[in-house]
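I opened my notebook today to look up a few things in a structure, one at a time. Follow along with me as I go.

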Amino acid sequence: AAAAAPAAPLKTRSIVTPLASPDDLVRTRSVVVPWLMATLVVLMIVGTWFGTPMLVQAFSAPRNAALAVAALEKPTATFTPSPTNTPLPTSTPLPTSTPLPTETFTPVPTETPLPTSTPLPTNTPAPIALPAGVGADEHWIDVDLTNQLTRAYVGHELVRTFVVSTGTWQTPTVTGVYRVYVKYRYADMSGPGYYLANVPYVMYFYQGYGIHGTYWHNNFGTPMSHGCVNMTIDDAGWMFDFAVVGTVVNVHY
């Protein structure tokens, strides 16, 4: 038979006698707790004072980093300042060019048909019979009292016509066929109520009746004289050279 196992030794509890009394423990705790609390408060104040920026930086650092990365990845619009408009220099106006003359179109004249009959000029009488004693090539003078005209003829050919002034109804010009009997470059003329000095180009054809220049009026075409045939000075000068002593003067209405 198996031998019996030895019995396990019994554990015994030893009673430790405390070194300090309960009063001592209570007194020690009452002193340590206030100092411990004061130390914690100081540490909290110091930590708060120095730790707040660090905490803010710690918490904000990831956000700032993310924003920086986002700013790098997102293209920003580059502000390009618009150029300031620089005023252009005032241009000096070019001289106005003188337009070249345009070519004037000259129309080609159309052929004018010849009239079938040429009308006689105004106040041009039909060919008249020669006064008695006038040759075919002889100079002679015709005085038309009705129309206040004097004409110069060579035979049947009319040379020139003049507007004149003859005698009024109170002092009419004589009618008939006469001949120039005297010529004066200048002569004084007088009569009832008048005196005229240096009358130019005088040609008497009957008594005191004559053809001459006139400087005292310009109302030719109207009876104005005391019986003479008044002409402008230029016209009287031409007639003075046309006629000679003996030239026929035919006066009529």
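**Entry 1: the largest pocket**

I began with open space, and the largest pocket holds about 260 Å³ of it. I kept in mind that this is a predicted model. Next I looked up who lines the largest pocket: there are 15 residues, and the closest to its centre are Met189, Tyr194, His226, Gly227 and Cys228. Which elements give two or more residues to this lining? I found β5 (182–191), β6 (194–206) and β7 (209–213). The largest share comes from β6, with 3 residues. I also sorted the lining by residue type and noted 8 nonpolar, 7 polar and no charged residues.

**Entry 2: rings that pair**

I then searched the whole structure for aromatic pairs and wrote down 10. One of them joins Phe162 and Trp238, with 5.4 Å from centre to centre and 50 degrees between the planes, and it is listed as tilted. Trp238 has 27%, so I put it down as partly exposed.

My next pair was Tyr206 with Tyr209. Their ring centres are 6.0 Å apart and their planes meet at 25 degrees; the pair counts as stacked because planes under 30 degrees apart get that label. Tyr206 has a relative accessibility of 31%, so I recorded this residue as partly exposed. I also saw that ring pairs tie Tyr178, Phe205, Tyr206 and Tyr209 into a cluster.

**Entry 3: charges over rings**

I went back to Trp238 and found Arg160 over its face, 5.2 Å from the ring centre. I noted another case at Phe240: the charged end of Lys183 sits over that ring, 4.2 Å from its centre.

**Entry 4: strand β9 and its neighbours**

Is strand β9 (residues 248–252) mostly covered or mostly open? I noted it as mostly covered, with 4 of its 5 residues buried. I looked up two strands that pair with β9. Strand β1 (residues 139–144) runs parallel to β9 and is joined to it by 5 bridges. Within this pairing, I traced Asp142 to its bridge partner in β9, Asn250. Strand β4 (residues 176–179) runs antiparallel to β9, with 4 bridges between them. Here I found Gly176 opposite Val251 of β9.

**Entry 5: two positive phi angles**

A reminder to myself: most residues other than glycine have a negative phi. Gln148 has a positive phi of about 55 degrees although it is not a glycine. Gln148 is found in the loop between β1 and β2 (149–154). Gln207 also has a positive phi, near 45 degrees, and is a residue other than glycine. I placed Gln207 in the loop between β6 and β7.

Is each of these residues buried or exposed? Gln148 has a relative accessible area of 5%, so I wrote it down as buried. Gln207 has 52%, so I wrote this residue down as exposed.

Methods. Residues are numbered from 1 along each chain as its sequence is written. This is a predicted model: local features need pLDDT of at least 70, side-chain atom pairs count only at pLDDT 80 or more; totals for chains, interfaces and linings use all residues. Side-chain values use heavy atoms; hydrogens and water are left out. On a 1 Å grid over the protein atoms alone, a cavity is a set of points where a 1.4 Å probe fits but cannot get out, and a pocket is an open set with protein on both sides within 12 Å along at least five of seven lines; lining residues have an atom within 4 Å of a point. Grid points are joined across faces, edges and corners, and a volume is the space filled by probe spheres set on the points. Ala, Val, Leu, Ile, Met, Phe, Trp, Tyr, Cys and Pro count as nonpolar, Asp, Glu, Lys and Arg as charged, and the others, Gly among them, as polar. Rings of Phe, Tyr and Trp (its six-membered ring) pair if their centres lie within 6.5 Å; planes under 30 degrees apart count as stacked, over 60 as edge-to-face and the rest as tilted. Buried means under 20% relative accessible area, exposed over 50%, partly exposed in between (1.4 Å probe, protein chains only). A charge sits over a ring if NZ of Lys or CZ of Arg is within 6 Å of the ring centre and within 35 degrees of the ring normal. Two strands pair if DSSP finds at least two bridges between them.
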